[in-house]
Amino acid sequence: MKMSHNVNFNIAITHIITRKKQTLVAALGVTIGVSVFLFMNSLSSGFSSFSRNEIFKNSAHIKIFKDDEVSSSFAPTEGNGLSLVVNPQITTLSDKIVDPGKLINRVKEEAYVLNAMAQVAVDIFYKRGKSQIKGSGNGVNITEYNDMFNLQKYIVAGDLNSLSGKQNGIIIGSGIAEKFNLGLNDNITVASSFGVSKTLKITGIFKTGSSLNDNTKSYFNLSLARQLVKEGPSYVSTIFIKTPDPDHSEVYMKELQQLTPYKVEDWKTTNADVLAGDKTRNALMMAISFSILVVASFGIYNILSATIAQKINDIAILKATGYSGKDVVRIFLFEALIMGIIGTIAGLLAGAVLIAIMSGIYMGGPVGYFPIEYELPLFTRSLFLGLIITLCAGYFPARKAARVDPVEIFRR
């Protein structure tokens, strides 16, 4: 005879009420497991978001540039002639992009391109008196660059727009300004590796929090950059491209590669080492937090096993009065589910509190506030994992209870 779900559920509730302490202990274990799982994965996700934001301070979603060419190591000749063997090395061909304006306009026609801009990169030395610092200059249209990288956010002195139309203007990093004791409207001498030297007026100072940027980088107009590298008015070394979804940059990259013979590279390729570190950290966090959740589920397993051992006679009576093995399984699964619901909800609340506390801690520097935030997918994942693991923990002792032979029990 098959009993109704309501009767099975009432029996499960009776077991839980009569064993309040054991129920609370089991639920507490799930609470700790779920809260730790939620907190650690939120922390991992927060660090990944912070790492990505740091990458996008200077890296475009996709860039187009002329890659270095390596000379051939073997050049065969026809007939009986001699074959030329050479030492492979990078050739000294120009690295400029031919007709960059046409290419940029063509790229902007693609539906997946939000913006595209030109840059001229220059290896330079900053000089003041006998002191000098090696760095990198970036010739850009400052308005377009700000639209793509939000440089205005990091300006601590001066005005970003003051660089527009000012041929002898420069925006420098805060580290350069501090080392040379320079401020707004002061002059700084810039010398390129091509032997061109310019005295420029500081129109702005930025601070990103990254010493690599703040101590070496600067920005000036495209025309000035071309003068520093002794190139004409059409010279461009790199084209930066912004897409609507950086996670799909590999797809966009392949489509763009069909439009140009130049090298097309997405941000994931450029920052492969950083992303590999993020994946390792995420996998580690997931493994640790999941292990804690699994260990917590053993509390439910132990308590249900103890319940079965103590109520073996009751189970035998139930089976003798018509309860099937499936009914017995449902009773104990109901118990596990109730414990799991209590523990999971409490764990989500505890995890939310931990996230709120940590997100309010100011770390200083480029990090700002602790990089952790609420993410609905993580809450949903924690909810389902908490319930699934507790049901799995309850199934095995429930299956054991379903196999009880009432005749053997009554004979004891």
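Start by selecting helix α2 (residues 20-55) together with α13: their axes come within 10 Å and cross at roughly 150°. Here axes are lines fitted to C-alpha atoms, for helices over the stretch in contact, and angles run from 0 to 180 degrees between N-to-C directions. The helices themselves are DSSP runs (H or I, at least four residues; strands are E, at least two), numbered from the N terminus. Before you go further, note that this is a predicted model, where local features need pLDDT of at least 70, side-chain atom pairs count only at pLDDT 80 or more, and totals for chains, interfaces and linings use all residues. Residues are numbered from 1 along each chain as its sequence is written, and side-chain values use heavy atoms, with hydrogens and water left out.

Keep that pair on screen and show side chains. From α2, pick V30, V34, F37, L38, N41, S42 and S45; they meet L378, F379, R381, S382, L385, G386 and T390 in α13, where contact means heavy atoms within 4.5 Å. By class, the contact of α2 with α13 has 7 nonpolar, 6 polar and 1 charged residues. In this scheme Ala, Val, Leu, Ile, Met, Phe, Trp, Tyr, Cys and Pro are nonpolar, Asp, Glu, Lys and Arg are charged, and the others, Gly among them, are polar.

Now move to strand β5 (residues 131-140) and select Q132, which lies in it. Is Q132 buried, exposed or partly exposed? Its relative accessibility is 46%, so Q132 counts as partly exposed; buried means under 20% relative accessible area, exposed over 50%, and partly exposed in between (1.4 Å probe, protein chains only). Leaving out residues up to four places away in sequence, Q132 touches F125, Y126, K127 and F180.

Finally, zoom out to the whole protein. You will find 14 helices and 14 strands. Of the 412 residues in the protein, 45% are buried. Among contacts between residues at least 6 apart in sequence, 75% join residues at least 24 apart.
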